[in-house]
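Biologist: Can you walk me through this one? Keep it quick, please.

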Amino acid sequence: MSIPYVLKILLYIIIFCVFCVLSLQIFFSKYELTKIIYSFFLGTNCVYFINKLLNLNGIDLKEKLGFDIYTPLLTFVFIAPIVVKAPYLRYHLQALSKSWKSRKNVVMGSKNTQKNILDSVLELSKRKTGALITIEKYHSLEQFAQKSILIDGNVTKELLLNIFNINTPLHDGAVIIRGNKILSAGTYFMLSDNQHFEKITGSRHRAALGISEKTDSMTIVVSEETGDISIALEGIMLKTNDKNKIQEYLSMFML
């Protein structure tokens, strides 16, 4: 028994609507790779459904146009997501080959280094000077350091305050700390695209959250508008101006 014509049309429309709803849910997902894969799936199915609906109505586009339109459409469906998400894909390909290699001999900062970081952050907060300090752990941040200004200097309060001075060219980027050394300054990270993150939040906070989502580093952010201090770790942003709480986080992370 064949399915009635109207029922076929209705069935295709329902399936298409389900795909649209799923697309909206995945669009707001934080997993970019899922979006890319699903865009391929949705695009090919859209082309298929359009072809089916036209065939049901006795319309042959290939015959009417004089050329096969479906092959270019499918090519576009496969290429467009790659072009749109090129920065994301490039970032992760580089990460696979470089950054995600765990460092074997990890040396975390000493008590003196922790004190210098804490004193610097509190002073920057008091001055309402924007700052971004990322502390490396097992996942290497070498690829980011190599694209910025290499410092390789001991962590001191004076050096950190000088780097984030608004009159210096390095103050906008992040400082990467490895052990007791400042590895680099003027470093830029990919911003987090977390849809649940406050939209009013600035690029420093989004950069801090972004690197915490991709690596096991900890980043301390100082807001230049309010002087508030935030800590980004494992994809979570915690705001705290409590000296003891910041010291506790530094001590636990830099064991």
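**Strands, helices and a few residues**

Modeller: Strand 6 and strand 7 run antiparallel, joined by four bridges. Strands pair if DSSP finds at least two bridges between them. This is a predicted model, where local features need pLDDT of at least 70, side-chain atom pairs count only at pLDDT 80 or more, and totals for chains, interfaces and linings use all residues. Residues are numbered from 1 along each chain as its sequence is written, and side-chain values use heavy atoms, with hydrogens and water left out.

Biologist: What is the bridge partner of I231 in strand 7?

Modeller: L238.

Biologist: Which residue in the hairpin of strand 6 and strand 7 takes a positive phi?

Modeller: E234, near 55°. The hairpin has two residues between the strands.

Biologist: What does strand 6 do with strand 5?

Modeller: Strand 5 (residues 218–222) and strand 6 (residues 229–233) pair in the antiparallel sense, over five bridges. M218 has L233 of strand 6 as its bridge partner.

Biologist: What is the strand order of the sheet?

Modeller: 2-4-3-1-5-6-7, seven strands in an open sheet with mixed pairing. Strand 2 (149–154) and strand 7 (236–239) are the edge strands, and each pairs on one side only. On average, neighbouring strands of this sheet are turned by 20° against each other, direction ignored.

Biologist: How many helices and strands are in the protein?

Modeller: Ten helices and seven strands. Both are DSSP runs numbered from the N terminus: helices are H or I with at least four residues, strands are E with at least two.

Biologist: Which strands does helix 9 lie across?

Modeller: Helix 9 (residues 203–214) lies across strand 1 (131–135), strand 5, strand 6 and strand 7. Helix 9 runs at about 175° to strand 5. Axes are lines fitted to C-alpha atoms, for helices over the stretch in contact, and angles run from 0 to 180 degrees between N-to-C directions.

Biologist: Switching to helix packing. At what angle do helix 6 and helix 10 cross?

Modeller: Roughly 145°, with the axes of helix 6 (residues 111–127) and helix 10 (residues 243–253) coming within 10 Å. Helix 6 contributes K111, Q114, I117, L118 and L122 to the contact, and helix 10 contributes K243, I246, Q247, L250 and S251. Contact means heavy atoms within 4.5 Å.

Biologist: How does that contact split by class?

Modeller: Five nonpolar, three polar and two charged residues. Ala, Val, Leu, Ile, Met, Phe, Trp, Tyr, Cys and Pro count as nonpolar, Asp, Glu, Lys and Arg as charged, and the others, Gly among them, as polar.

Biologist: Now S148. Where is S148 found?

Modeller: In the loop between helix 7 (142–145) and strand 2. S148 counts as buried because its relative accessibility is 14%. The cut-offs: buried is under 20% relative accessible area, exposed is over 50%, partly exposed is in between (1.4 Å probe, protein chains only).

Biologist: Which side chain joins S148 in a polar contact?

Modeller: That of S184, at 3.3 Å. A polar contact is a pair of N or O atoms within 3.5 Å; within protein, one must be able to donate a hydrogen and the other to accept it, and residues adjacent in sequence count only if both atoms are side-chain atoms. The backbone oxygen of F144 also lies 3.3 Å from a polar atom of the S148 side chain.

Biologist: And where does S184 sit?

Modeller: In strand 4 (residues 181–187). S184 is buried, with a relative accessible area of 0%. Leaving out residues up to four places away in sequence, S184 touches residues including A145, I149 and V175.

Biologist: What about D172: which residues is D172 in contact with, leaving aside neighbours within four places in sequence?

Modeller: Y188 and R204. The C-alpha atoms of D172 and R204 are separated by 8.5 Å, and the two are 32 residues apart along the chain. D172 lies in the loop between helix 8 (157–163) and strand 3 (174–178). D172 counts as partly exposed, at 44% relative accessibility. Its side chain makes a polar contact with the side chain of H171 (3.4 Å).

Biologist: Back to phi. What is phi of K128?

Modeller: Near 55°, a positive value in a residue other than glycine. K128 lies in the loop between helix 6 and strand 1. D152, in strand 2, has a positive phi near 50°. Most residues other than glycine have a negative phi.

Biologist: Is D152 buried or exposed?

Modeller: Exposed, at 55% relative accessibility.
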